[in-house]
Amino acid sequence: MPGNGHTTAGRHPRRRATVLALAGVAVVATAGIAATTLTAPGAEADAPAAAQSVEQAAEQSVGQGAGKGGPDVQDVPRVTVAGATRAAEAALAECQAQDVPFVTVAVVDRNGQVQAMLRGDDAAEHTLEAAQHKAYTAAAFGAPTSELAERVADHGPSIADLPGTMFLAGGVPVKDGEASIAGIGVGGAPDGAVDESCAAAGLETLQGLS
């Protein structure tokens with residue numbers, strides 16, 4: 001009865017002891033790589049090992065996944081905006097030096113998304129699309145478009161039918177080791193070989209890439 005000076009715990013000492021023992025053995029909480037363990041009397045020897053194993057597992061998980069998304073996610077290198085801009089400027093400067101300033105230069109990532117583009121003086125509108133498509137073709141296939149043009153069949157369907165591609169000289173891939181990560185394309189010169197030499201000049205400015 002309330003007010004008699006006896007608590008519930010006092011009336012049931014055996015039940016109270018059982019609850020404490022179960023709570024102490026079962027609870028382990030982790031946050032980040034920190035772990036807190038509650039232990040029942042007599043289980044102190046196991047507590048440091050339990051906490052250490054939880055911390056080690058957390059540290060290993062964080063170390064493997066931090067900034068990478070885990071073992072099933074691929075890190076894809078990308079040309080920086082500074083590098084893409086520098087490459088585009090160098091390619092256009094090379095074309096200007098060859099008296100063909102009326103070209104467009106495009107630097108795209110491996111998916112064909114433009115990272116930098118420069119339209120030279122008097123460059124026709126179609127050169128924007130030509131430069132982007134050449135750059136994407138080189139990036140996607142990992143080879144200069146002058147080489148890829150030789151693979152196109154004379155008759156019937158071929159890779160030249162793929163949307164967004166252009167198998168004409170003027171595009172070069174940007175590679176990080178063996179991986180193709182970007183492309184540089186030039187369009188507008190009377191000769192595709194000139195377009196490609198300008199694109200190659202842009203590639204030479206990218207440090208550590210080929």
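Two strands count as paired if DSSP finds at least two bridges between them. Strands are DSSP runs of E with at least two residues, helices are runs of H or I with at least four, and both are numbered from the N terminus. The model is predicted, so local features need pLDDT of at least 70 and side-chain atom pairs pLDDT 80 or more, while totals for chains, interfaces and linings use all residues. Residues are numbered from 1 along each chain as its sequence is written, and side-chain values use heavy atoms, with hydrogens and water left out.

Q: What makes strand 3 and strand 4 a pair?
A: Strand 3 (residues 104-109) and strand 4 are joined in the antiparallel sense over 5 bridges, against the required at least two. Valine 105 stands opposite leucine 118 in strand 4.

Q: How do you know that strand 5 and strand 6 pair?
A: Strand 5 and strand 6 run antiparallel and are joined by 6 bridges; the criterion asks for at least two. In their hairpin, with 2 residues between the strands, glycine 177 takes a positive phi near 70 degrees.

Q: Why are strand 4 and strand 5 called edge strands?
A: The open sheet of 4 strands has the order 4-3-6-5. Strand 4 (114-119) and strand 5 (171-176) each have a single partner strand, so one side of each is left without a neighbour in the sheet.

Q: Why is helix 4 called oblique to helix 7?
A: The axes of helix 4 (residues 81-97) and helix 7 (residues 192-203) come within 7 Å and cross at roughly 140 degrees. Axes are lines fitted to C-alpha atoms, for helices over the stretch in contact, with angles from 0 to 180 degrees between N-to-C directions. Angles under 35 degrees count as roughly parallel, over 145 as roughly antiparallel, 65 to 115 as roughly perpendicular, and the rest as oblique. Helix 4 is therefore oblique to helix 7.

Q: How do you know that cysteine 95 and cysteine 198 form a disulfide?
A: The S to S distance is 2.2 Å, and the rule asks for cysteine sulfur atoms within 2.5 Å. Cysteine 95 lies in helix 4 and cysteine 198 in helix 7, 103 residues apart, so the pair links distant parts of the chain. By this rule the count comes to 1 disulfide.

Q: What makes the disulfide of cysteine 95 and cysteine 198 right-handed?
A: The torsion about its S-S bond is about 120 degrees, so the disulfide is right-handed.
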